[in-house]
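Hi everyone, thanks for coming.

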Amino acid sequence: MNEFLTSIGYMHWVLPMLLLVPTLGAAAIWLHGAPGGPPGDDDVASGTAGAPRLIALVTLAAEFVVSLGLWWAYDPAVAGWQAAFNVPWIPSWGIRFSLGIDGISLMMILLTTSIMVLAVLGGWTSIRRRTHAYYALLLILTAGMLGVFMSLDLFLFYVMWEVMLVPMYFIVGVWGGDRRLYASIKFFLYTMVGSLLMLVAIVYLGLAARSRLTGIPDFSYDAILATARVSHTAAFWLFGAFFLAFAVKVPMFPFHTWLPDAHVEAPTPGSVVLASIMLKLGTFGFIRLAVPLFPAVATNATVRAIVLTLAVIGIVYGALVSLVQPDFKKLVAYSSVSHLGFVMLGIFALTVQSVQGALMVMINHGISTGALFFLIGMIYERRHTRLIEDYGGIARVVPMFAAALTVVTFSSIGVPGTNGFIGEFLVLIGAFRTYPVYALIAATAVIFSAAYLLWAIQRILFNALDKKANFHIPDLNRRELALLIPLLAGIVWLGVYPEPVLRRMEPSAERFVQSVQTRAIAQNQAPAGGIE
Amino acid sequence: MLIQSAASAGTNPLAGTAAGWMWAIPLLPLLGFLINGLVALTSAAHFGPADPTAASHAAHGDDDGAGHGDAHAAHASTRHRFAAVTSIVGPGVLVAAFLLAAAAFLAMRAVPDLSAPFVQRYFSWMPVGDLSVDVAFRLDQLSMVMVLVVTGVGMLIHIFSVGYMREDPGYPRYFAYLNLFVFFMLVLVLGANYPLLFIGWEGVGLCSYLLIGFWFSEKANADAGKKAFIVNRIGDFGFLIAMFLLFANYGTLDFSALQAQAGAFVFGGPLITAIALFFFLGCTGKSAQIPLYIWLPDAMAGPTPVSALIHAATMVTAGVYLIARSNFIFAAAPVAGLTVIVVGALTAFFAATIGLKQWDIKKVLAYSTVSQLGYMFVGVGAGAYVAGIFHLMTHAFFKALLFLGAGSVIHVMHEAYHHTHRHDDAQDMRNMGGLRKHMKVTWILMWIATLAISGIPPFSGFFSKDEILGTLFSRADGSTLAQAHWLGLPGTVVIYGAYALGLAAALLTAIYMTRLMLYTFHGPNRTGEQERAHLHEAPWVMTGPLVVLGILAAVGGWFNLPEIVTRALPLGPTGLLEHWLDPVVGAGTARVVGSGGEVAAGTEGLLIAVAVAIAVSGIAIAVTVLKPARLVPKAQASPEQGFERVLNNKYYVDEIYDAAVVRPTYDVSRNLLWRGIDTGLIDGLLVNGSAWLARLTGWIGSQFQSGQLGTYAWVLVLGVLLVLGAFHHSVLP
């Protein structure tokens, strides 16, 4: 495999190709044009949805195939960025179109490309209006998210960050549920406030790394990491700006209240993309930018205590609030707050195990919660309700749906043998070394997560089949099975044999932990100057 | 891949023998699970339409009530169309696994002085930094005993299930779960490190959840399954913390590597005590001890063979196995050992009192199981690991027999009700009585089991229970436990107290078991005239396994005869199990014994005499006091009064937990966290507090969105193309 990939020069073009393919797909949908009828028309019923969604499916399938080569071509033993692609973009501002990956972004890219294919399938029949616009936006969204994961230029990172926000805003706002406008504006405001501050911080950093000879700023990640000198005070505020941008995205308690609304109102593929990938952009931001750029601040005892406290509150709080949600989608949304709290705990506990665990939780949450949202979408399409109390006993009517939901539930609970366990276990066992009390409190989530999810699936799948509207729900069809089986396979594979994934991420995770620790010590010792 | 890496296991004398196939022992039931699961799912499959929206709209049309017949028809007793496949595969994989286990056992026996465990490493599971967790199995004398019990008793219960469950429409699903359970149970006992053991530990809990709620259309059953899982999770929290403590301090979770460091454990230190206590918290969940025993009686909602296999013979004994496996940890933590003894003895006594006043035949057996597990914990807590495992084994025989016997009774009662179309409680002993005339084989076998559990010689339970109590008594003098203090009390006092509780529980055991037998099989029959005509013995596929268990329950004591018996009577070898397990638990036991020793032969004889006298008097009391003739069927019975009512309501512990823990959790979550903090404080005050900003933006947004929204999507695409264009421009000068 590797020889073949080398022979076609795969690592030279793969990353720009991954951005180009969805963009071309979106352009193709544009060229194909919108159907003639009024925008409110049901495109699925009239057959006009066929072309855009087929283009999107083929494009994203091709995207997935292109990205898959990275699994073999990426060499974990090699330090530094791989598949690098670096050309000047706006030379007078020192902005470059610079891409590259390490083991962490590798897995995030693969997660993104695989989930996006399934997301198209997930909305196959439920997205019925303005399908051409929807699928084009979905493709732009893909490019934006992948761009964030592979950007090695901070300005490019910011551009990609915004590129991905706007399509999601439209997807929630146009194709969402009844309160879609409220939800999308809340989502937009929350994230814009954070990301604008991030832009200021990025410009500040670019100027701080400017060349002494020419005075041209430098936004390249490596340059800022190596040469940007900021005072302790400035570093604190810059960290704060990044923190806010990413904490909203994660979302960390108490910046999370946009999430339940956005999740509930978003159409199924929107919820899946939000949960599976977009939340990870926040935690990825911590791993890539906020923590390594300001190691002294991130490892400062007080800062760490605050972040860890918020993370652990998120874990327990998210689980407890999930317990009492009458809406299944909202329940899963709050459970994300809990799961992402584990990621934050893992990152800031700063041990190899906890960071690897955090990365695993990111992947696992992408699979399991994505699958949960798909399943909710499937049953919603049939019954047009997300309220748990409207169901009951449907395992008798839809046995395959029930089996799939049960497996995904146990994965989300973190039963060993499923992927969910690996992540939580590694986070906790790693965090226990540095912060035993936080880990101990966080570990109580194993009880709460079982409580809220088992109670929910009991009221949906089990108990008496006593509501007439549920008597005739059709079971999963072949399209739905086709999109669930890869997710179920992932749940078992990553639970039983996660070693190939761990091995690819380990050197990057180790470098992250070590460089943050050593650079934090160095920064604390050497007095840093501000911008001259 | 699996077999090849397994072949490189190395120089252990067992390599290359039948024991080298140990990986196949759990994989066989897993295969059974896959086949039965596939049968269950595919035969249920009726694919939905490609567009479910269209379908559900169409389906709304004929919601006149007549159409839902098929949904309800599934509930009627119709045999599954692939039942024959399941009948062969389900028990078949267990028979194969048992034969393989027996072959491995013979191979182990053939090696003289086998001291090193036989470890096969298959692949690396979680390698992260200095943490390394392998998927590896460890076959030593302890896991061998457990594998034999699990596959042997499991095989019998699988065969019994064919008769018990064949008519159930969910038959393949049932066997899928049951096979999966055995797989996880075998992973639990064969796993070579704590995380792998934990896979089995939670996996059996998962299967227990699925099987308790097997008839999920009844809310009570689904509730019971959920309760079992969540309560177990409280224990699992302890298990996790114990693992974290081990790794943080000793850098490994592998049994052999940890045991190698056992010398470095600070004897009686806070760390090792905490580790042991957190593990024990896990045990109280899985093995239903105070304070987490509450799930087990509810677990009786599952099919009765499940109760026999999971909630009596195997899964619930996992905690006992865990302590025996971790003997090197518990032997270094005498305070933890005393805690185990106290909790075990209190549970043994407390559960026995509740068992006195239950009417549901399975509930009696459930509390009996909780009580007997208490004995096992007294044993392993006292460092009598062999005695604990011995009682685990004999208990597996006689309790599986009791449950399956009760299953036969329920099966027959149910059939009788079915014939006469009566809806009554087929498990309530007040509706039974006099069944010995109709079910002679079951009656005799159940009496054997009753005598065994009551501790009447020469039945198996007598030997194992006596060994636990006798060893406990001997620990009161000179052992490290006796020298330690527990909540200020000297260890000696604690041990004597536990011994007294153990004797009291033995008395109660004899009473409640005799009560069960009298009410079920003796006295006048209370099933009703019409129903009586349909009472008969269960088919041979069910009584056959019972007979085998009956023999084991009768002579199981032979596996570990005490010296005081073999000296007097030439019954067989002395301490077979003790010698067998010595390489695994011998060092741990020696550490607990310390400067203490065996009790004198005279004292030992006296203790035995007291124990037997108590058991006999328990039976005598029950026979004299209880009057089966005065019982009336459940429907006509008046409610209990006074303390009897407290017992019948299990001391209201469930209600207390509900009021003290469950309800406050929900209330705080709903009213304080969700409505208070989330939607009230954060959203209401902070987010919408800046409402004018939101409204302004909303207004701008609405202007921005007026009419042609799609246009804006295209503008976005254009923007991206422009950006790419700019980039292109800067590359080409």
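This is a predicted model: local features need pLDDT of at least 70, side-chain atom pairs count only at pLDDT 80 or more; totals for chains, interfaces and linings use all residues.

Residues are numbered from 1 along each chain as its sequence is written, chains are lettered from A and ligands numbered from 1 in the order in which they are written, and side-chain values use heavy atoms, with hydrogens and water left out.

Now, how many salt bridges does the structure hold over all chains? There are 26, where a salt bridge is a side-chain nitrogen of Lys or Arg within 4 Å of a carboxyl oxygen of Asp or Glu.

One of them joins B:K227 to B:D298, at 3.1 Å from N to O. These partners sit 71 residues apart, with B:K227 in helix α9 (residues 219-250) of chain B and B:D298 in helix α12 (residues 295-298) of chain B. Helices here are DSSP runs of H or I with at least four residues, numbered from the N terminus.

Another pairs B:E644 with B:K357, with 3.7 Å between the closest N and O atoms. Here 287 residues separate the two: B:E644 is in helix α28 (residues 642-648) of chain B, and B:K357 is in the loop between α16 (334-355) and α17 (361-381) of chain B. B:K357 is buried at 13% relative accessible area, whereas B:E644 is partly exposed at 40%. For those words, buried means under 20% relative accessible area, exposed over 50%, and partly exposed in between, using a 1.4 Å probe and protein chains only.

For contrast, B:E529 and B:R532 are three residues apart in helix α23 (residues 529-532) of chain B, about one turn of the helix. Their salt bridge has its closest N and O atoms 3.5 Å apart.

A:E265 is buried but has no salt bridge, and its nearest side chain of opposite charge, A:R179, is 4.4 Å away. What does the side chain of A:E265 reach? It reaches the backbone nitrogen of A:R179, at 2.9 Å.

Last, the patch: A:M1, A:F4, A:I8, A:L68 and A:W72 form a nonpolar patch on the surface, with about 480 Å² of accessible area together. Within it, A:F4 is partly exposed at 49% relative accessibility.

Key
Lys and Arg count as positive and Asp and Glu as negative; His and the chain ends are not counted. A polar contact is a pair of N or O atoms within 3.5 Å; within protein, one must be able to donate a hydrogen and the other to accept it, and residues adjacent in sequence count only if both atoms are side-chain atoms. Patches are made of residues with over 30% relative accessible area and no salt bridge: like charges are joined within 9 Å, nonpolar side chains (Val, Leu, Ile, Met, Phe, Trp, Tyr) within 5 Å. Accessible areas come from the Shrake-Rupley method with a 1.4 Å probe; for residues, only the protein chains shown count as cover.
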